[in-house]
Amino acid sequence: MKSIVSALVLALCSSLSFTVSAKDTVKIAYIGPLTGGVSANGIGGRNSADLAVRMRNQDPNAKYKYELVTADDECKPNVGVQVATKIASDSSIIAGVTHYCSAVAMSTVDVYHKFGLPVMVWGAVLPEITYGNDFKEVHRVNGTMINQNEVAAKFLTGLGYKKWVIIHDTTDYGKGHNKYFTQFLTKNGGQILGTFGVTADQQDFTAELTKIKELKPEVVYFGGLTPIGIRIRTQMDRLGIKAVFEGTSGIKSDAYIEGLGKLSEGSLSFIEGAPWEKLPGGLEFIAKYNQQKYPDAPEAYGPFAYTAANLIMDAIEKAGPNRKKVMDVLNKTNNVETIIGKVSFDDHRQNIVPLISKYVAQDGKWVVWEDSLYAKKQRKLGQ
Amino acid sequence: MSFDIFLQYLLNGLMLGVIYAIVAVGFTLYFGVLDVIKFSHGDILMVGAFAGLTAYIGIAGTFDSPWLQLLVLVLISLSVAAFLGAVIARYLILPLQKAPPINTLLVTLMLGLALREAVRLFYPNGSNPKPFPRLLPTDGIVLGDFTLRSDSLILLLTGIICIVAVQRLITRSKIGLAIRAVAQDSETARIMGINFRQIVLITFMLGSALAALAGLMNGLYYNEVNFSMGLLLGVIGFSAAVVGGLGNFYGAIVGGFLFAGLQTIGAVLLPAILPDVPSAYKDVFAFTVIIIIMGLKPTGLISEKSSERV
């Protein structure tokens with residue numbers, strides 16, 4: 001009898017210990033701007049990647065338990081290289097969901113290549129990140145600025161606007177936007193009256209804007225991020241410039257509207273993919289996101305960070321926690337159903353995203369152009 | 001360039017110039033009285049602006065009148081900066097009076113960094129730019145391409161009145177006389193019965209309050225403040241003070257307006273003359289001209305020899 005009891009206890013213990021140690025923990029990284037001017041987007045991305053990990057950990061069929069290691073790149077290339085090196089040199093981390101800022105993503109691709117860490121960019125839009133090198137480690141789930149500028153140029157020339165001035169920051173991100181927008185705008189018959197390169201931490205734009213006022217553009221195109229977008233828009237108002245303010249995906253954040261208040265009305269922004277309401281899995285994503293009670297919004301690129309984390313975990317489930325094998329699986333991503341639609345990588349591991357959404361700030365919110373009062377001709381841009 | 005556009009440039013330049021001049025006057029006051037360069041000046045400016053913002057958040061629900069809110073905001077901001085200035089003078093500058101000047105310079109440089117990081121780390125969400133309340137009226141007049149908003153005009157006039165008031169305080173009041181006496185010869189001033197320590201504290205309080213005022217003006221003008229705003233403003237203010245003739249009140253004002261003028265010219269002319277050079281190089285241009293002027297006139301535009309200190 002005694003032996004039966006002890007055998008039972010032993011069996012129970014071993015089965016318990018079996019369930020406890022059944023799943024190995026696998027670490028994946030998230031890097032984005034958690035502080036600084038664009039931190040709203042970084043935190044939204046972090047929460048979304050975290051959501052993907054939490055969901056996977058609740059899945060009884062998952063082979064591994066996942067842990068998200070987060071790092072702050074502050075949207076600064078030098079800081080980005082430091083944290084990327086720290087993450088990439090930690091062999092317990094298998095892959096990474098990396099970077100919102102293009103200048104940072106561009107400066108870290110070498111690091112990931114050198115350390116053989118497969119990463120998936122979730123927000124940065126500079127084409128060179130995937131197309132500038134042939135690093136098999138670097139993937140991107142969101143589209144590039146080539147796509148959004150093509151749509152941006154076509155859209156406003158289609159509405160009848162003819163004269164532009166361009167303000168861009170002098171980082172790779174701003175210069176890239178200037179290059180592609182100029183290219184597509186001239187192709188569509190738009191005229192560029194002047195181009196102004198400004199520093200990414202510039203405070204005073206009155207001199208540039210006075211010159212712009214003299215040029216009398218119909219549209220001011222801005223290639224840069226939220227903080228200076230807010231400054232330029234405020235100072236445009238101070239100088240009485242009535243032109244339409246057309247930004248890029250870099251200003252598509254709630255922080256832009258909060259920082260400007262009523263002045264944000266009528267600003268335009270373009271982004272790859274669609275708003276979560278219109279994404280194939282958007283409703284499901286936002287329901288899960290709200291359930292977890294994150295204090296901040298997922299922001300525009302949250303669904304991409306969520307998708308990137310999921311694709312990485314799928315690859316780990318398939319190939320095991322091995323960087324090289326995970327990279328090989330990710331490289332072959334083709335026609336995979338995700339919440340952002342089908343994901344297929346081209347020969348440079350760039351997701352082919354055919355869809356670009358146009359947004360306009362209306363009554364303190366970013367509204368899809370087609371649903372806005374502006375599209376219905378009830379309001380006019382630049383008023 | 002049409003006349004109205006020229007007026008617009010002039011207004012922009014004057015606005016920048018007033019802010020720079022106020023910062024430069026602070027540098028010149030400290031140097032005039034105690035021969036010290038206080039490199040944390042720009043960060044005191046930032047602390048002043050954040051103190052104002054905090055005061056606004058604290059009282060926003062209490063008073064409805066924007067003017068009353070502005071008054072409270074200015075009083076609190078200036079008091080916080082003045083108190084900070086007095087503490088710095090009492091516990092950092094005066095004890096180091098006998099030490100080589102480089103020590104004071106280093107100590108204040110490090111203090112500036114500490115203040116900046118403290119705001120970044122401990123102010124709620126401190127690393128992000130903060131929207132600054134729009135408390136001044138925004139209506140204005142438009143003459144062709146020239147737009148003059150009342151808030152710009154109020155800020156410009158406040159700045160000019162402030163500079164004139166400080167100049168009057170120094171040249172016409174008893175305290176000013178004592179400050180000038182200490183600046184001329186602190187030993188003799190002490191023998192004549194002037195409380196040296198008290199004068200130093202007053203000078204630092206005055207300089208810091210001026211910095212806070214510049215910070216508030218900056219916030220009200222751009223409707224935004226951030227933890228690193230004092231960094232470049234400090235460097236520009238210091239350069240303006242040096243190019244004008246460090247220790248000379250009028251030199252600081254000339255230097256401030258000169259720097260603003262150079263920046264405006266740089267932003268307008270550089271892209272016009274050299275199409276490949278973006279206006280982002282305006283600071284490079286302004287600093288290069290300052291370097292050239294310093295090479296030609298090493299003691300500054302209004303040097304000490306030809307004028308009184310402070």
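Author: Over all chains, the structure holds 24 aromatic pairs. Rings of Phe, Tyr and Trp (its six-membered ring) pair if their centres lie within 6.5 Å; planes under 30 degrees apart count as stacked, over 60 as edge-to-face and the rest as tilted. One of these pairs is formed by Phe249(B) and Tyr250(B): the centres are 5.7 Å apart and the planes stand at 85° to each other, which is edge-to-face. A pair of aromatic rings is described by these two values, the distance of the centres and the angle of the planes.

The model is predicted: local features need pLDDT of at least 70, side-chain atom pairs count only at pLDDT 80 or more, and totals for chains, interfaces and linings use all residues. Side-chain values use heavy atoms, with hydrogens and water left out; residues are numbered from 1 along each chain as its sequence is written, chains are lettered from A and ligands numbered from 1 in the order in which they are written.

Now the surroundings of the two rings. Phe249(B) counts as buried, because its relative accessibility is 3% (buried means under 20% relative accessible area, exposed over 50%, partly exposed in between, with a 1.4 Å probe and protein chains only). Tyr250(B), at 42%, counts as partly exposed. In chain B as a whole, 53% of the 310 residues count as buried.

Aromatic rings also group in chain A, where ring pairs link Tyr30(A), Tyr100(A), Trp122(A), Tyr301(A) and Phe304(A) into a cluster.

Back in chain B, there are eleven helices and four strands (DSSP runs numbered from the N terminus: helices are H or I with at least four residues, strands E with at least two). The radius of gyration of chain B is 20 Å, close to the 19 Å that the globule rule gives for 310 residues, so chain B is as compact as a globular protein of that length. That radius is taken over C-alpha atoms, and the rule is 2.2 Å times the number of residues to the power 0.38.

Met1(B) is exposed, with a relative accessible area of 62%. Not counting residues up to four places away in sequence, Met1(B) touches Glu214(A), Phe6(B) and Tyr9(B), where contact means heavy atoms within 4.5 Å. The C-alpha atoms of Met1(B) and Val87(B) are separated by 50 Å.
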